[in-house]
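Thank you for making time for this at group meeting. I would like to walk through one structure, so please have a look at it before I go on.

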Amino acid sequence: LVASMEEVQETYVMVKPDGVQRGLVGEIISRFENKGFLLKGLKLFKCSKELAEEHYQELKGKHFYPKLIEYITSGPVVCMAWEGIGVVSSVRKLIGATNPLQAEPGTIRGDLAIYPGRNVVHGSDSPENGHREVALWFKADELCEWVPAQLPWLR
Ligand code: RTP
Ligand code: MG
């Protein structure tokens with residue numbers, strides 16, 4: 001394994017308003033739980049326009065940006081912070097391509113969505129953005145540092 005693949009990272013994952021409204025919160029959280037990553041933060045949250053704009057600052061100027069801000073602020077989202085080795089790129093793979101019609105079956109978007117503008121879930125695209133977005137969406141006391149109990153087969 002290359003060094004970067006062994007790096008413990010954190011990433012920000014969010015069930016977007018369409019995912020919450022369609023009742024897909026449990027299904028989406030399960031994908032990351034089942035994979036085995038460590039959940040550090042979790043909340044249902046209605047975000048402001050200012051926060052949505054800060055989150056998607058890199059996309060300011062894109063033709064879809066105003067609609068994107070409208071979409072993300074249209075209802076509550078579920079915010080998550082996940083930790084693990086290589087978690088940033090692994091979560092992106094589990095989520096699938098931005099356009100759900102191009103996302104592979106087995107990925108969240110490939111299984112559960114059709115439109116880029118209703119693609120049910122967000123995941124940070126780099127370790128730097130993972131740090132930035134976890135700090136942006138969570139207060140320090142909303143994050144839990146913990147170690148899961150050792151499983152019997154590890155003894
Ligand atoms: P996300 O940040 O939400 O995880 O999505 P992503 O990395 O796969 O895609 P990104 O380029 O960061 O775009 C953010 C969100 O903007 C909407 N979008 N619409 N109509 C379009 O061509 C278009 N392109 C992007 C999507 O909701 C996308 O997830
Ligand atoms: Mg992105």
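Predicted model: local features only at pLDDT ≥ 70, side-chain atom pairs only at ≥ 80, totals over all residues.

Let me begin with a question: is N119 buried or exposed? N119 is buried, because 23 other C-beta atoms lie within 10 Å, where buried means 20 or more such atoms within 10 Å, exposed means 12 or fewer, partly exposed is in between, and C-beta atoms are placed from the backbone.

Residues are numbered from 1 along each chain as its sequence is written, and chains are lettered from A and ligands numbered from 1 in the order in which they are written.

As for the overall fold, the chain has seven helices and four strands, which are DSSP runs numbered from the N terminus, with helices being H or I of at least four residues and strands E of at least two. Along the sequence these follow the pattern β-α-α-β-α-α-β-α-α-β-α, and of the 155 residues in the chain, 32% are buried.

Coming back to N119, this residue sits in the loop between α6 and β4 (121–123), and, leaving aside neighbours within four places in sequence, N119 is in contact with T98, P100, R109 and A113, contact meaning that the C-beta atoms, placed from the backbone, lie within 7 Å.

Which residues surround ligand 1? They are L59, F64, L68, T98, P116, G117, N119, H122, G123 and D125, each with its C-beta atom, placed from the backbone, within 6 Å of the ligand.

Finally, the largest nonpolar core has 29 residues, and V120 and V121 are among those with the most contacts inside it; such a core is a set of buried Ala, Val, Leu, Ile, Met, Phe, Trp, Tyr and Cys residues joined through C-beta atoms within 7 Å. The largest share of this core, six residues, comes from β3.

Conventions
Contact = placed C-beta atoms within 7 Å.
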